[in-house]
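Student: I'd like to go through this model with you, one quick question at a time. Can we start with the charged contacts?

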Amino acid sequence: MAGFRSLAEQVRDPEVIIEQRRTALRKCLEKFAPYGHRATWHHLCGRAGIATADRRPDPARLVAALEELEAAREIWLAYDEEFAVRRKREKFYGIRQPSAIDDWHRRTWGGYGVAWCDDPTVHPTAPLAEVLRRMISALESQPGAVCPVCREHDIEWRGGLCHYPSAGPVCRNCGIVVPAPVLTPRALAATKRPSRPLLAAA
Ligand SMILES: [Zn+2]
């Protein structure tokens, strides 16, 4: 199976027919899709000005979408690498304690679904690289009570997600599944409380 880089070359290749170049970009999302395949596609198309179902998009727009994905991937790979080095060093010195972030990190498959969006049409609007920068900064900071991407407090626990694990805290503003380790135990517990006065009154 082709790797991300050779797929990216196909997306850029003017000798390849446009339908295939589009397919190659979709295949890139099987390797790296921070919101999951469908939501990341929806995001990239929206920002590049491509209709999601357009099988013959403008080549320049297709490449713009690829460039956004590549920039985000570089940010994530650098974080991933640093994470692995740190883990190795801690292990060497015998100070490694498996943490909640280790558990979470293990399930992210090199950047797939790190900010999972279950509804493909609801996702952050900022550039992907910026979203990942905010995620990484939250993962490297003390846990808090807000969404790491949009800084909103409106986070609720949802089940039935097309994701593993199939339940988790979801930001009602930007749509991402918030990694549990970035929330304090108290904030995480609060997401499970069905205290929504506005909804109750409706
Ligand atoms: Zn959010």
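Student: Which side chain meets Glu70 in a salt bridge?

Tutor: This is a predicted model, where local features need pLDDT of at least 70, side-chain atom pairs count only at pLDDT 80 or more, and totals for chains, interfaces and linings use all residues. Residues are numbered from 1 along each chain as its sequence is written, and side-chain values use heavy atoms, with hydrogens and water left out. A salt bridge here is a side-chain nitrogen of Lys or Arg within 4 Å of a carboxyl oxygen of Asp or Glu. At 2.7 Å, N to O, the partner of Glu70 is Arg12.

Student: How many residues apart are Glu70 and Arg12?

Tutor: Glu70 sits in helix α4 (residues 59-92) and Arg12 in helix α1 (residues 4-12). Helices are DSSP runs of H or I with at least four residues, strands are runs of E with at least two, and both are numbered from the N terminus. The pair links distant parts of the chain, 58 residues apart.

Student: Is Glu156 buried or exposed?

Tutor: The cut-offs are under 20% relative accessible area for buried, over 50% for exposed and partly exposed in between (1.4 Å probe, protein chains only). Glu156 has a relative accessibility of 16%, so the label is buried.

Student: Which residues are linked with Glu156 in a network of salt bridges?

Tutor: Glu156 meets Arg158 at 2.6 Å, N to O, and Arg172 at 3.3 Å. Arg172 is in the loop between β2 and α7 (185-191) while Glu156 is in strand β1 (residues 155-158), so that pair ties together parts 16 residues apart in sequence. Relative accessible area is 33% for Arg158 and 35% for Arg172. Besides Glu156, the network holds Asp154, Arg158 and Arg172.

Student: Which peptide bond is cis?

Tutor: Look in the loop between β1 and β2, where Pro165 lies. With omega at about -5°, the cis bond joins Tyr164 and Pro165.

Student: Which residues are closest to the centre of the largest pocket?

Tutor: On a 1 Å grid over the protein atoms alone, a pocket is an open set of points where a 1.4 Å probe fits, with protein on both sides within 12 Å along at least five of seven lines, and lining residues have an atom within 4 Å of a point. The largest one holds about 430 Å³ of space, a volume filled by probe spheres set on points joined across faces, edges and corners. Of its 26 lining residues, the closest to the centre are Trp104, Arg107, His163, Tyr164 and Pro165.

Student: Where is Arg151, the non-glycine residue with a positive phi?

Tutor: Its phi is near 65°. Arg151 is exposed, at 55% relative accessible area. You'll find Arg151 in the loop between α6 (128-139) and β1.

Student: What radius of gyration does the protein have?

Tutor: The globule rule is 2.2 Å times the number of residues to the power 0.38, and the radius is taken over C-alpha atoms. For 202 residues, a compact globule would come out near 17 Å, and the protein agrees with that at 18 Å.
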